[in-house]
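Work through these exercises with the structure in view. Try each task before you read its solution.

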Amino acid sequence: MTVIGRSVLLIPARVGGLDAEVLPPDYQRILAIVRDAAGPVKVKEVGAKLGLPVQVRGKLEPLRGKLTKLADRGWLRKLADGRFTSAF
């Protein structure tokens with residue numbers, strides 16, 4: 001997104017005391033689901049909590065992208081087995 005000639009990240013990198021409220025609502029919901037889980041979660045588990053048709057793999061790919069973006073920006077951790085967990 002561009003604001004007055006400058007690029008602005010829709011999902012900012014997590015730095016310092018930045019709170020999850022800076023994230024769009026759908027990303028806040030995803031982050032809350034992962035944080036509330038008893039341990040690392042699969043994309044399919046997050047999708048089920050969101051009410052997505054988890055039996056259709058193609059429907060989970062956009063969600064996988066959002067989870068990966070949150071991990072890339074420091075909000076989540078992506079484990080080697082593809083599961084996600086809270087970064088803090």
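**Exercise 1.** What does the accessible surface of the protein come to, and what percentage of it belongs to carbon and sulfur atoms?

Solution. The accessible surface is about 5700 Å². Carbon and sulfur atoms hold 53% of that surface. Such areas come from the Shrake-Rupley method with a 1.4 Å probe; for residues, only the protein chains shown count as cover.

Before going on, note that this is a predicted model: local features need pLDDT of at least 70, side-chain atom pairs count only at pLDDT 80 or more, and totals for chains, interfaces and linings use all residues. Residues are numbered from 1 along each chain as its sequence is written, and side-chain values use heavy atoms, with hydrogens and water left out.

**Exercise 2.** List the elements of the protein in order.

Solution. Start with the count: three helices and four strands. Helices (H or I, at least four residues) and strands (E, at least two) are DSSP runs, numbered from the N terminus. From that end, the order is β-β-α-α-α-β-β.

**Exercise 3.** Describe how helices α1 and α3 cross.

Solution. Two packed helices are described by the angle between their axes and the distance between the axes. Axes are lines fitted to C-alpha atoms, for helices over the stretch in contact, and angles run from 0 to 180 degrees between N-to-C directions. Take α1 (residues 25-36) and α3 (residues 61-72): their axes come within 11 Å and cross at roughly 80°. The two helices are therefore roughly perpendicular (65 to 115 degrees).

Now find the contact (heavy atoms within 4.5 Å). From α1 come Asp26, Tyr27, Ile30 and Val34. From α3 come Leu63, Lys66, Leu67, Lys69 and Leu70.

**Exercise 4.** Find the largest nonpolar core.

Solution. A nonpolar core is a set of buried Ala, Val, Leu, Ile, Met, Phe, Trp, Tyr and Cys residues joined through side-chain atoms within 4.5 Å. Buried means under 20% relative accessible area (1.4 Å probe, protein chains only). The largest core has 20 residues. Leu23, Val46, Leu63, Leu67, Leu70, Trp75 and Leu76 have the most contacts inside it. Two or more residues each come from α1, α2 (43-50) and α3. Helix α1 gives the most, with five.

Zoom in on Leu67. Not counting residues up to four places away in sequence, Leu67 touches Ile30, Val34, Val43, Val46, Leu76 and Phe84.

**Exercise 5.** Is Ser86 buried or exposed?

Solution. Locate Ser86 in strand β4 (residues 84-86). Its relative accessible area is 18%, so Ser86 is buried. Leaving aside neighbours within four places in sequence, Ser86 is in contact with Val34, Arg35, Leu76 and Arg77.

Definitions and conventions:
Parallel < 35°, antiparallel > 145°, perpendicular 65-115°, else oblique. Buried < 20%, exposed > 50% of the residue type's maximum accessible area, 1.4 Å probe, protein only.
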